[in-house]
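Work through these exercises with the sequence and the model side by side. Try each task before reading its solution.

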Amino acid sequence: KECDYQMRLVETHFQSMAKMYVLAFQETISMLITREAPYNPTLLDQSKELSFPQSIIFHNVIQNFWLGRWERCLYYAKRSSTPSDIGQLKSIMIIFYGGLSCFQISRKGASKKSKLPKQAIALMKEKGEQSSWNYQSKIYLLEAEISSSLHENDRAIFFYNSAILAARSSKFIHEEGLACEFSALHCLKYGDKKEASILLEQARDCYTTWGSQMKVASVSRLLEECSG
């Protein structure tokens, strides 16, 4: 409703740039809820352009990350602005999701050399000194993914659990769901389907509360695979 209201405003005042930003938010929200976002090639698929407004890159990263399109997420994250923009929240989140995407690509057996994981953990720790409430769960999740990638099982489980608790404490329900989901994937790597199922059920509950039907359906498919 808020996006619809903003869209009426920008159309009334003929603000084409503002309209592009509102359309980006509309598309991202629609995708997160149902996965059935309207395809707008002039807005979010301008891959031949040399540069994007940072906000459009942000929406590309968010959409592709939550859809599990790790390669595309990393592609857009690498096209982000230079570190001079690092203080902007959008740039911070682009680096965070881009870093997480690198681990998911590696988990699937592919190899992508990128500085983003190290950059992401360093940046989250820096920002965490200013606001642990906002960044501590992100730090723990990145630490968990690093440990998982190094086959440090006990350390990874510790950090996944810490990420879940920190996200819950901060009331970041989507990050709690994400930490549960990634922890489940780690458990599956070690053949622990029972614990993975418990974590996936927790993730599904989080995504249900978040209102993302798309993520609920995605996690439900993983649960079926665990019980199969």
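**Exercise 1. Where does Lys171 lie?**

The model is predicted, so its angles and distances are computed values.
- Step 1: Lys171 sits in the loop between α9 and α10.
- Step 2: Check its backbone. Its phi is positive, about 65°, although Lys171 is not a glycine.
- Step 3: Check its exposure. Lys171 has a relative accessible area of 72%; exposed means over 50%, so Lys171 is exposed.

**Exercise 2. Describe the overall make-up of the protein.**

- Step 1: Count the elements. The protein has twelve helices and zero strands.
- Step 2: Look at burial. Of its 228 residues, 47% count as buried.
- Step 3: Look at contacts. Take those between residues at least 6 apart in sequence: 59% join residues at least 24 apart.

**Exercise 3. Classify two aromatic pairs.**

A pair of aromatic rings is described by the distance of the centres and the angle of the planes.
- Step 1: Start from the total. Rings pair if their centres lie within 6.5 Å. By this rule the count comes to 14 aromatic pairs.
- Step 2: Take Trp66 and Trp210. Their ring centres are 4.9 Å apart and their planes stand at 55°, so this pair is tilted.
- Step 3: Locate the partners. Trp66 is in helix α4 (residues 54–66) and Trp210 is in helix α11 (residues 193–210), so the pair ties together parts 144 residues apart in sequence.
- Step 4: Compare burial. Trp66 counts as buried at 3% relative accessibility, whereas Trp210 counts as partly exposed at 27%.
- Step 5: Take Trp70 and Phe182. The centres are 6.3 Å apart and the planes are at 70°, so this pair is edge-to-face.
- Step 6: Locate these partners. Trp70 lies in helix α5 (residues 70–78) and Phe182 in helix α10 (residues 173–189), so the pair ties together parts 112 residues apart in sequence.
- Step 7: Check their burial. Trp70 counts as buried at 14% relative accessibility. Phe182 is buried too, with a relative accessible area of 0%.
- Step 8: Join the pairs up. Trp66, Trp70, Phe182 and Trp210 belong to one aromatic cluster, which also includes Phe65, Phe96, Tyr97 and Tyr207.

**Exercise 4. Is Lys215 buried or exposed, and which residues does it contact?**

- Step 1: Lys215 is in helix α12 (residues 213–227).
- Step 2: Read its accessibility. The value is 5%; buried means under 20%, so Lys215 is buried.
- Step 3: List its contacts. Beyond neighbours within four places in sequence, Lys215 touches Trp66, Glu181, Tyr207 and Trp210.
- Step 4: Find the polar partner. The side chains of Lys215 and Glu181 make a polar contact at 3.1 Å.
- Step 5: Look along the helix. Other buried residues of α12 include Met214, Val216, Leu222 and Cys226.

Methods. Residues are numbered from 1 along each chain as its sequence is written. This is a predicted model: local features need pLDDT of at least 70, side-chain atom pairs count only at pLDDT 80 or more; totals for chains, interfaces and linings use all residues. Side-chain values use heavy atoms; hydrogens and water are left out. Rings of Phe, Tyr and Trp (its six-membered ring) pair if their centres lie within 6.5 Å; planes under 30 degrees apart count as stacked, over 60 as edge-to-face and the rest as tilted. Helices (H or I, at least four residues) and strands (E, at least two) are DSSP runs, numbered from the N terminus. Buried means under 20% relative accessible area, exposed over 50%, partly exposed in between (1.4 Å probe, protein chains only). A polar contact is a pair of N or O atoms within 3.5 Å; within protein, one must be able to donate a hydrogen and the other to accept it, and residues adjacent in sequence count only if both atoms are side-chain atoms. Contact means heavy atoms within 4.5 Å.
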